[in-house]
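Reader: I would like to learn how to read strands, their neighbours and a metal site from a model. Please take one feature at a time.

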Amino acid sequence: MKKRIIAPSLLSADFANLQSACQLIDRSEAEWLHIDVMDGVFVPNISFGFPVMEAIKKHCHKVLDVHLMIVEPEKYVERFRKAGADIITFHYEASKNPEQTIRLIKQSGAQAGITINPDIPVSVLEPYISDVDLVLLMSVFAGYGGQKFIEETYSRLDELNGMKERKQSSCLVEVDGGVNLNNAGQLFARNIDVLVAGSAVFNSPDPLETISKMLKT
Ligand code: DX5
Ligand code: ZN
């Protein structure tokens, strides 16, 4: 069976208790920790930046999967890498020169990911799919945790998988937004490598059990 990865999103954790959230994920079967960086410009919300990321890095030893929801992502690549990012994903819509942004991320030593919101055609990814390590398909509009999964994501995933095959890309595919125990199985069945889950993990009575169940659905 294809490898399955869960990336719990720290956005839904208790921000007054990030150390214990990090330690919890460390003990879990999740291989990645998803870190949502929001600037209040590209998205209406503001989350956290470098000092918080550095603190997270000290307490979590999983792959740090950084999702930049910021304008001019290229300006901050180096600093996020220094703060501990293993994977840096930026929004196609937020970058003036996606090709250059991908190059900068790779030069920093991180793996490069590109992402689009649900209203952006999947076809825009075609020029980049052979260069990136990861494509993140948003299944809600970036900005907030706890939103409802947009069902059109399934057909967009089929389109993305077709493109991947055509372009012989070996990038990982990640889905983010509204993922829970009811849809994780269907998503993994559609050739998804990584599922981000924020509220479904951190708002559940037993996050470790929820992660474990998601991997087995
Ligand atoms: C939304 C973020 C997501 C969010 C997911 O802008 O990119 O990573 O935290 O949260 P849930 O899983 O609650 O939809
Ligand atoms: Zn995210």
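**Strands and a metal site**

Author: In β7, D176 is the bridge partner of M138. Strands (E, at least two residues) and helices (H or I, at least four) are DSSP runs, numbered from the N terminus. The model is predicted: local features need pLDDT of at least 70 and side-chain atom pairs pLDDT 80 or more, while totals for chains, interfaces and linings use all residues. Residues are numbered from 1 along each chain as written, chains are lettered from A and ligands numbered from 1 in written order, and side-chain values use heavy atoms, without hydrogens or water.

Reader: In which sense do β6 and β7 pair, and over how many bridges?

Author: Strands count as paired if DSSP finds at least two bridges between them. Strand β6 (residues 134–138) pairs with β7 in the parallel sense, over 5 bridges. From β6 the chain reaches β7 by way of helix α5 (residues 153–166), in a right-handed β-α-β crossover. Right-handed means that, with the strands pointing away from the viewer, the path from the first strand over the helix to the second runs clockwise.

Reader: How many residues of β7 are buried?

Author: Burial is read from relative accessible area: buried is under 20%, exposed is over 50%, and partly exposed is in between (1.4 Å probe, protein chains only). In strand β7 (residues 172–176), 4 of the 5 residues are buried, so the strand is largely enclosed by the rest of the structure.

Reader: Which residues coordinate the zinc ion (ligand 2)?

Author: Start from the donors, which are N, O and S atoms within 2.8 Å of the metal (3.2 Å for Na, K and Ca); water is not among the atoms, so sites may look incomplete. For the zinc ion (ligand 2), the coordinating residues are H34 (NE2), D36 (OD), H67 (ND1) and D176 (OD), at 2.0 to 2.3 Å. Along the chain, the donors follow the spacing H-x1-D-x30-H-x108-D. H34 belongs to strand β2 (residues 32–38) and H67 to strand β3 (residues 63–69), so this pair ties together parts 33 residues apart in sequence. Both H34 and H67 are buried.

Reader: What is the geometry of the site of the zinc ion (ligand 2)?

Author: Six donors count as octahedral if opposite donors are over 155 degrees apart and all others between 65 and 115. The zinc ion (ligand 2) has 6 donor atoms with angles of 71 to 169° among them, and its site is octahedral.

Reader: How are β2 and β3 joined?

Author: The two strands run parallel, with 7 bridges between β2 and β3. Together, β2, helix α2 (residues 50–59) and β3 form a right-handed β-α-β unit.

Reader: Which strand joins β3 over 4 bridges?

Author: That is strand β4 (residues 87–91), which runs parallel to β3. L68 stands opposite F90 in β4. The chain goes from β3 through helix α3 (residues 77–82) to β4, a β-α-β crossover that is right-handed.

Reader: Is β3 mostly covered or mostly open?

Author: Mostly covered, since 6 of its 7 residues are buried. L64, for example, lies in strand β3 and is buried at a relative accessible area of 0%. L64 and S47 are 17 residues apart in sequence, and their C-alpha atoms are 16 Å apart in space.

Reader: Where do I find a positive phi in a residue other than glycine?

Author: One of them is E72, with phi near 50°. E72 sits in the loop between β3 and α3 and is partly exposed, with a relative accessible area of 30%. Another is N191, whose phi is near 75°. N191 belongs to the loop between α6 (184–189) and β8, and at 37% relative accessibility N191 is partly exposed.

Methods. Four donors count as tetrahedral if all angles lie between 85 and 135 degrees; four count as square planar and six as octahedral if opposite donors are over 155 degrees apart and all others between 65 and 115; anything else is irregular.
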